[in-house]
Amino acid sequence: MKVIVPAAGFGSRLRPHTYLTPKVLLPVAGKPILEHIIDQAVEWGCDRFTIIHGHLRGQIEAFFERRFDLKVDFRVQEDQLGLGHAVLNGIEPGDEELLIILGDTIIQVDLKPVIERGVTSIGVKEVADPRKLGVVVLKDGRVTRLVEKPKQPPSNLAIVGVYYIRDAQMLRRAIEEIVARGVTVKGEYQITDALQLLVEWGEPVATFPVEGWFDCGKPETLLETNRYLLERSGGAMEGAVTKEAVIIPPVVVGPGTVIERAVVGPYVSLGRDGAVREAVVKNCIIGDRVIIERAMLEGSLVGSRCEVRGQMRSINIGASSCIST
């Protein structure tokens with residue numbers, strides 16, 4: 001089965017990190033967001049991937065060349081015209097059924113039963129305030145209405161960013177129809193409006209619950225996702241070097257990183273070839289080749305190739321930075 005992963009966004013809410021790194025390649029629990037998505041889709045039996053990229057797209061292509069032996073097609077979304085526009089770029093004439101998974105969304109669900117059922121289905125989760133999300137209304141287990149970012153939500157069932165599409169060509173026609181009509185939300189063509197057309201055309205559309213839903217689009221949600229995934233995996237220390245260190249799991253530490261006279265954890269992801277000396281680090285995501293000395297960090301994001309010395313605070317610094325006192 002084919003998977004379309006829209007990953008062309010600039011990731012403005014995660015700046016400064018996304019100035020130099022695509023959002024989908026930011027690390028969480030020891031590996032890039034995109035790698036979590038791909039690994040999960042492969043477990044569901046998916047073997048073809050179309051990556052819709054744009055911002056820093058060369059890094060995304062190089063990432064797949066290094067890490068995966070998969071059939072991957074890349075499509076460029078030059079203009080950010082919405083999720084519907086991105087998906088339209090990814091649907092080919094021969095496509096039949098497909099999955100769509102947003103590139104900044106990690107979910108904990110088994111999609112095999114959904115795929116086997118063979119009914120167009122949308123992942124949903126009940127939330128307190130869905131006004132910034134797509135919303136679905138159900139009747140007798142079937143979707144009767146979909147609304148994108150409603151000011152007055154007709155339900156609390158929010159769309160979480162994963163879709164099983166029974167008929168890719170029907171979805172393509174629906175997206176082309178909303179583009180022809182000029183149907184947009186804040187200037188963007190939304191897949192929610194295309195799915196509403198499918199409902200109006202008589203296509204059965206169902207939902208499936210997603211309890212574990214992690215939007216990695218903001219620093220606080222990225223850290224939350226890191227904590228959740230580390231708790232599930234238990235972390236790993238393969239290749240790390242410790243000297244008079246206290247490790248409080250779960251943590252994941254990349255190969256070549258030295259932890260000396262320091263306390264690390266819980267909920268810490270440390271990249272490779274770095275050093276933590278005479279420091280305390282907890283609830284943080286730290287990139288590759290980072291040096292942390294005489295510091296106390298909590299709830300922090302630190303990009304690759306950074307140096308942090310003498311800090312006792314929560315920080316959010318991008319790659320190749322130096323902060324010291």
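Colleague: Where is Arg294?

Modeller: In this predicted model, Arg294 is in the loop between strand 23 (291-293) and strand 24 (296-298).

Colleague: What about the phi of Arg294?

Modeller: The phi of Arg294 is positive, about 50 degrees, although Arg294 is not a glycine.

Colleague: What is the phi of Asp273?

Modeller: Near 55 degrees for Asp273, again a positive value in a residue other than glycine. Asp273 sits in the loop between strand 19 and strand 20 (275-277). With a relative accessible area of 41%, Asp273 is partly exposed.

Colleague: Cis peptides next. What is omega for the bond from Gly265 to Pro266?

Modeller: Near 0 degrees, and the bond from Gly265 to Pro266 is cis. Pro266 belongs to the loop between strand 18 (263-264) and strand 19 (268-270).

Colleague: And the bond from Arg15 to Pro16, what is omega there?

Modeller: Omega is near 15 degrees, and the peptide bond from Arg15 to Pro16 is cis. Pro16 is in the loop between strand 1 (2-7) and helix 1 (17-20).

Colleague: On to helix packing. At what angle do the axes of helix 4 and helix 6 cross?

Modeller: Roughly 135 degrees, for helix 4 (residues 83-90) and helix 6 (residues 168-181), and their axes come within 10 Å. That angle makes helix 4 oblique to helix 6.

Colleague: Left-handed or right-handed, that crossing of helix 4 and helix 6?

Modeller: The crossing of helix 4 and helix 6 is left-handed.

Colleague: Which residues meet there?

Modeller: From helix 4, Gly84, Val87 and Leu88; from helix 6, Leu171, Arg172, Ile175 and Glu176. The residues of this contact of helix 4 with helix 6 divide into four nonpolar, one polar and two charged.

Colleague: How do helix 6 and helix 7 pack?

Modeller: The angle between helix 6 and helix 7 is about 115 degrees, and the axes are 8 Å apart. Helix 6 and helix 7 are therefore roughly perpendicular to each other. Their crossing is right-handed.

Colleague: Which residues make the contact?

Modeller: On the helix 6 side, Met170, Leu171, Ala174, Ile175, Glu177, Ile178 and Arg181; on the helix 7 side, Ile191, Asp193, Ala194, Leu195, Leu197 and Leu198. The contact of helix 6 with helix 7 has 10 nonpolar residues, no polar ones and three charged ones.

Colleague: How many residues of helix 7 are buried?

Modeller: Nine of the 10 residues in helix 7 (residues 191-200) are buried, and the helix is mostly covered. The buried residues are Ile191, Thr192, Asp193, Ala194, Leu195, Gln196, Leu197, Leu198 and Val199.

Colleague: What follows helix 7?

Modeller: Gly202 follows helix 7, with a positive phi near 95 degrees.

Colleague: What lies 2.8 Å from a polar atom of the side chain of His55?

Modeller: The backbone oxygen of Thr18. Not counting residues up to four places away in sequence, His55 touches Ala8, Gly9, Phe10, Thr18, Tyr19 and Pro22.

Colleague: And Asp104, what polar contact does its side chain make?

Modeller: The side chain of Asp104 makes a polar contact with the side chain of Lys23, at 3.0 Å. Asp104 is in the loop between strand 6 (98-101) and strand 7 (105-108). At 13% relative accessibility, Asp104 counts as buried.

Colleague: Which residues does Asp104 touch, leaving out those up to four places away in sequence?

Modeller: Lys23, Ile33, Phe214, Asp215, Cys216 and Gly217.

Colleague: Last one, Val136. Where is Val136 found?

Modeller: Val136 is in strand 9 (residues 134-139). Val136 is buried, with a relative accessible area of 0%. Leaving aside neighbours within four places in sequence, Val136 is in contact with Ile122, Val124, Val143, Arg145, Leu146, Ser155, Leu157, Ile159 and Thr207.

Colleague: What separates the C-alpha atoms of Val136 and Lys31?

Modeller: A distance of 33 Å, for two residues that are 105 residues apart along the chain.

Key: Residues numbered from 1 in each chain as written. Predicted model: local features only at pLDDT ≥ 70, side-chain atom pairs only at ≥ 80, totals over all residues. Heavy atoms only, no water. Axes fitted to C-alpha atoms, helices over the stretch in contact; angles between N-to-C directions. Helix = DSSP H or I, 4+ residues; strand = E, 2+ residues; numbered from the N terminus. Parallel < 35°, antiparallel > 145°, perpendicular 65-115°, else oblique. Left-handed = near helix turned anticlockwise from the far one by under 90°. Contact = heavy atoms within 4.5 Å. Nonpolar A, V, L, I, M, F, W, Y, C, P; charged D, E, K, R; others polar. Buried < 20%, exposed > 50% of the residue type's maximum accessible area, 1.4 Å probe, protein only. Polar contact = N/O pair within 3.5 Å; in protein donor to acceptor, adjacent residues only side chain to side chain.
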